[in-house]
Amino acid sequence: MNVCRPDSMSLRKLWVKVTRMDWEPVIGLEIHVQLATRSKIFSGASTAYGAPPNTQACAVDLGLPGVLPVLNEAAVRMAVKFGLAVQARIAPRSVFARKNYFYPDLPKGYQISQYELPVVEGGRLEISLEEGGSKLIGITRAHLEEDAGKSLHEDFHGLSGIDLNRAGTPLLEVVSEPDLRSAREAVAYMKKLHTLVRYLEICDGNMQEGSFRCDANVSVRRRGQHELGTRTEIKNLNSFRFVERAINYEIERQIDILEGGGSVVQETRLYDAARDETRPMRSKEEALDYRYFPDPDLLPLVLEEDFIAAVRATLPELPDEKRERFIYEFGLSPYEAEVLTASRELADYFEAAERASDGETKLTAHWVMGDLLGALNKAGLEIADSPVTAEMLGGLIRRIGDNTISGKIAKQVFEAMWQGEGDADAIIERRGLKQVTDSAAIEKVIDEVLAAHPAQVEQYRAGKDKLFGFFVGQVMKATQGKANPAQVNALLKKKLT
Amino acid sequence: MTDLHRASLTQLSAALAAGECSSVELTRLFLGRIQRLDDRLNSFISVCAEQALDEAHAADRRRAAGEAGPLTGIPLAHKDIFCTDGVRTSCGSRMLDNFVAPYDATVVSRLKAAGAVMLGKTNMDEFAMGSSNETSYYGAVRNPWDPARVPGGSSGGSAAAVAARLVPAATGTDTGGSIRQPAALCGLTGLKPTYGRVSRYGMIAFASSLDQGGPLCQSAADAALLLQAMAGFDERDSTSIDHPVPDYSAMLDAPLSGLKIGLPREYFGAGLDPAVGERVDQAVRVYETLGARVREISLPNTTLAVPTYYVVAPAECSSNLSRYDGVRFGYRCEDPEDLMDLYKRSRGEGFGAEVKRRIMVGTYVLSAGYYDAYYLKAQKLRQLISDDFRRAFETVDLIAGPTSPSVAFPLGARLEDPIQMYLSDIYTIAANLAGLPALSLPCGFVDGLPVGLQLIGDYFTEDRLLNAAHRYQQETDWHERVPPGFDESSQAVGEGD
C-alpha cells in the first residue's frame with residue numbers, strides 16, 4: 001500500500017491542477033492617479049508631498065463652516081488629456097457629486113467626486129501579452145475627485161493623529177472593464193497605465209508616496225460560463241508586486257471556497273503584504289450607503305469643443321505611437337522598441353544619444369539597454385540623474401563607429417565618463433586609447449609576437465588552428481587593446497600562412 | 001438730533017456726510033440701546049462693543065481723509081451665520097458656541113471695506129432652520145411689536161433688532177423665507193436676491209442650492225444701499241454669477257406707470273388670514289393708483305413648494321452638517337470612549353431637535369432605494385415650480401401677494417407642530433426653489449402687528465423690486481412705524497430704565 005502513496009499523491013495534484021484550469025479569473029482595476037497639479041482640486045493650498053502635518057491645509061481643506069470649493073482648471077485639463085490619450089469620450093457636461101461618510105480624515109463628512117456623469121467615459125488601452133500578441137482592455141470611465149487626509153495611528157499613545165495635507169489633492173480614478181484574466185495581465189495593464197500617465201505628465205507615478213495606487217475587483221467563474229462570479233474588492237495596493245500577489249492569493253482563495261462547495265462573500269478585503277494574504281475589511285451588509293447626490297456648491301462641469309481641442313494640441317507622442325515609430329524609423333526589434341519607450345525620459349534619451357552617435361542606431365540601442373541601464377540600475381539612479389548624458393553616450397558610440405576605439409576600450413571610456421572624467425573624446429585623448437590602425441605598426445608588433453613564440457608558431461603551422469586566438473590575444477596585449485582587431489586578424493592570417 | 005435712533009440708513013448716511021454726527025456717536029448710541037433694550041428681545045448673540053468703537057474711529061478718520069462712501073461709519077449687525085474673523089460665529093447652535101472663525105465671509109469683508117461698523121452678531125434659528133427663531137441655542141427672540149410673539153425666522157434676531165432700532169440695518173439669509181418672513185412679522189423691508197447675486201462664501205451653509213444672503217432694513221431705499229455693497233461676483237463661490245451690479249439707488253424713483261403686476265390666485269386661497277389678505281389687497285390698490293396694471297395669474301404648482309422644499313433642504317443640510325463631528329472644531333462631547341461615541345455624543349449633544357429632525361429626514365431621502373422617490377422627484381417638481389414662474393413672467397413684470405399667511409404668532413404656538421410651522425413659509429419658499437429675487441415690505445397692521453407684502457421678480461430684477469417697494473413707501477408710512485416701547489428718544493429710555 002505504501003508503495004502506492006506517491007502515485008496517488010501526484011494523481012491528486014494533477015487532478016487539482018486540472019480543476020484549477022477549469023476556473024477563469026475575471027479582474028477589473030480601479031486605479032487612483034494623483035494629478036500633478038500645483039494646488040489642490042478645490043482650493044489654492046499646495047499639493048507638495050512631505051510637508052509637516054497640517055501645514056498645507058487651508059480653510060477649504062479643513063472643511064471650516066462657510067467655505068466653498070472652486071474647481072482647479074489644471075486638474076480638468078489633465079483629466080481631459082488622459083481621456084483623449086485612451087480614445088475615450090470627453091463628456092460635454094459632467095457633474096460633481098458628494099459621497100457621504102464619516103471618517104476623521106474626511107473633513108467635510110463627504111468626498112467630492114463624480115458619480116453618475118464622469119468627465120471621461122469609454123476608453124481603451126492595449127497591453128502586450130506574455131504569450132505574445134496584444135489585448136485591448138476597456139476603460140469604463142475616469143472621474144475627478146478629491147483625496148482624503150491621513151490618519152496616523154502610531155506615536156499618539158492610543159490616540160490618532162490626523163494630517164490633512166493630502167486632503168483635497170486631485171485624483172483621477174480610472175476604472176477598467178472586467179477584461180483582465182490573470183494577475184499578470186492586471187500588472188501589465190497597470191504598468192501600461194503608469195507609463196501613459198507619466199508620458200502625459202499628469203502624474204509623477206511615485207507609488208511609494210501613493211501617487212499611483214490601485215483597488216482590484218476579483219472574481220472567478222467556470223470556463224465557458226457567461227455570467228460573472230461574486231467579486232471581492234482588494235483595497236489600496238501600492239506596488240506592482242503587491243497587485244500580482246494579492247490577486248493571485250485572492251484567485252486561489254476563491255477557487256478553494258468554490259471547490260469546497262462554498263460561496264464567495266461579496267466584500268471589501270485588505271492585502272497584508274507581510275503575510276501575503278487578503279483579509280476581510282467589510283462585507284456587503286456592512287457596506288456604507290454613500291448617499292451620493294450632485295454637489296450644490298459646484299456647477300456642472302461644461303467642456304466646450306475649443307477647450308478639448310486646445311488640450312488635444314498638448315498631447316505628446318504616446319507610448320504605442322512611439323514604439324511603432326522606433327520600429328519603422330530606427331529598425332529596432334519590437335522588444336527593443338518596447339524597452340526603450342517604457343518611459344518618455346528613456347525614449348528621449350535614446351533619441352538624443354542616437355542623434356549624437358552619427359547614425360549608429362543599433363549600437364546606441366544596444367548601449368542604452370545594456371551598459372547604461374545596467375549602470376543606472378546598479379547605482380539606483382533614474383535616467384534623468386544619469387552622470388552620462390545622452391550626448392556623451394552618443395559621442396562615445398560615434399567613436400566606436402568610426403573605429404577610433406574598439407567596443408572593449410569603449411567600456412573603459414564609459415566607466416570613466418560615469419566617474420565624471422569628461423566626454424569620450426577627452427578621455428580617449430588623455431588616456432591615449434586611440435585605436436592603432438597603422439598597418440606597419442601592427443605588423444611590427446605581430447613580428448615581435450611571432451618571434452617571441454616560435455614553438456607556438458610551429459604548432460600552429462602543424463595544424464593547431466586553435467592557437468590563432470592566442471596570437472590575437474598577445475598582439476592586443478602588446479598594444480594595450482588599441483590595435484584594430486579586424487586588422488590584427490587579417491595581418492596575422494597573412495603572416496602565419 | 002435726538003431722534004437719530006429712528007433715522008433710516010439713508011438719513012444716517014446723509015447725516016454723517018453732512019458732519020451732523022460722527023460714527024463714534026452713532027456707534028455709542030446704538031450700543032447703548034442694545035445694552036438697555038435687548039434684554040426684552042434677545043436679538044443679539046454677541047455684541048462687539050470695543051471692536052465696533054475701533055471701527056467707528058477708523059471710519060471717522062476715513063471720512064476726515066475724504067475717503068468715505070455711503071456706508072462708511074454706519075453701524076450694522078450681521079446674522080450670526082456669517083463668519084467674522086476673530087469673532088464667535090455660532091450659527092445659533094451649541095455646536096458652534098466655541099467657534100471663532102479665522103476669516104471673514106465675503107459679505108462681511110465687503111461691508112467692512114465699505115466702512116460699515118459691526119455692532120455684533122444677531123440671534124437666529126439654529127443653523128437657520130426654523131420660522132420663529134425659537135430653535136436657537138441662545139433662546140427665542142421676541143417680537144418688538146409684541147414680546148409674547150415670535151419675530152419670525154430664521155433671521156429673527158436681525159429683524160427684531162432693526163425693528164426695535166437697536167441697529168439701523170442688518171444682514172440676513174433666506175433659504176425658504178428667512179429674510180422675508182421675519183421682515184413681514186417685524187414690519188421691515190427685507191430682500192432675498194437672485195440666487196448667485198450675493199456670495200455665499202463664509203455664510204454657513206444650510207441648503208446650498210437655496211441659501212442667499214440679503215439686507216433687512218427699514219425701507220427699500222436702505223435695502224438698495226446695503227445690497228449695493230453686498231452684491232457682486234465672488235470667485236470663491238462657484239455658484240455666484242458674474243452679472244453686472246446696477247446702481248440700485250438710482251433706480252428707486254422710476255415711475256411705475258405701465259408696470260404689470262400679477263396676483264397668483266393660489267396665494268389668496270384657504271390658509272390665508274383674511275385680515276392679512278385685506279391689507280395686501282389695499283396695497284395692491286395703491287399700486288394701481290401709481291399706474292400699475294394688476295391682473296390675476298396662476299402658479300399651478302404652488303402647493304408642491306413646501307413638500308419639495310422639505311425634501312431638497314433637508315437632503316442638502318444632512319450633508320452640509322456632516323462636518324460638525326467633534327473632530328476639528330466646534331462642540332466635542334466629554335471623554336469619548338471611541339470614535340463612534342465621539343461622533344454620536346458630539347452630534348447628539350451639539351445639535352438641537354429641529355436640526356436633528358432635518359438631518360434625519362435628509363439622510364432618509366438620499367438613502368439607497370429612496371433617492372429616486374424623494375430627492376429626484378423633488379428636483380423634477382422644482383423644475384415645474386420654476387416653469388410656473390417662467391410662464392408668469394412672460395405676461396407680468398412682478399408678482400405680488402402676502403409674505404406670510406398670518407401675522408406674528410405667539411411664542412410656542414407652533415413649536416410642537418412642525419407642519420404648521422413649515423406652512424409659515426408657504427408663500428416664500430417657491431422663490432428659493434426657483435432662485436428668484438423676492439422682497440417683503442410692510443403694508444399695514446392687523447391687531448397692532450405688521451403685515452408684509454411680498455413682491456417676486458424675474459432673475460436679476462432686484463432694481464425693479466426695490467423701485468416698486470420704494471414708490472409704495474413714498475405713498476405710505478407703515479415702514480416708519482416704530483414698535484411702542486422702543487420709540488422713545490434714547491435719553492428718555494435711559495432715564496426710564
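I looked up which residues of helix 2 of chain B are buried, and got B:Ser23, B:Val24, B:Leu26, B:Thr27, B:Leu29, B:Phe30, B:Leu31, B:Gly32, B:Arg33, B:Ile34 and B:Leu37. Buried here means under 20% relative accessible area, with exposed over 50% and partly exposed in between (1.4 Å probe, protein chains only).

Note on the source: this is a predicted model, where local features need pLDDT of at least 70, side-chain atom pairs count only at pLDDT 80 or more, and totals for chains, interfaces and linings use all residues. Residues are numbered from 1 along each chain as written, chains are lettered from A and ligands numbered from 1 in written order, and side-chain values use heavy atoms, leaving out hydrogens and water.

Back to helix 2: I'd call it mostly covered, with 11 of its 15 residues buried. Helices (H or I, at least four residues) and strands (E, at least two) are DSSP runs, numbered from the N terminus.

I then checked the length of helix 2 (residues 23-37) of chain B. Its 15 residues should span 21 Å at 1.5 Å a residue, and its end C-alpha atoms are 21 Å apart, which agrees. The expected span is 1.5 Å times one less than the number of residues.

Next I zoomed out to the whole chain. Chain B has 16 helices and 11 strands. Its C-alpha trace spans about 65 × 60 × 45 Å along the principal axes. I also noted that 65% of the 497 residues of chain B count as buried.

Last entry, on contacts (heavy atoms within 4.5 Å): in chain B, 76% of those with a separation of 6 or more link residues 24 or more positions apart.
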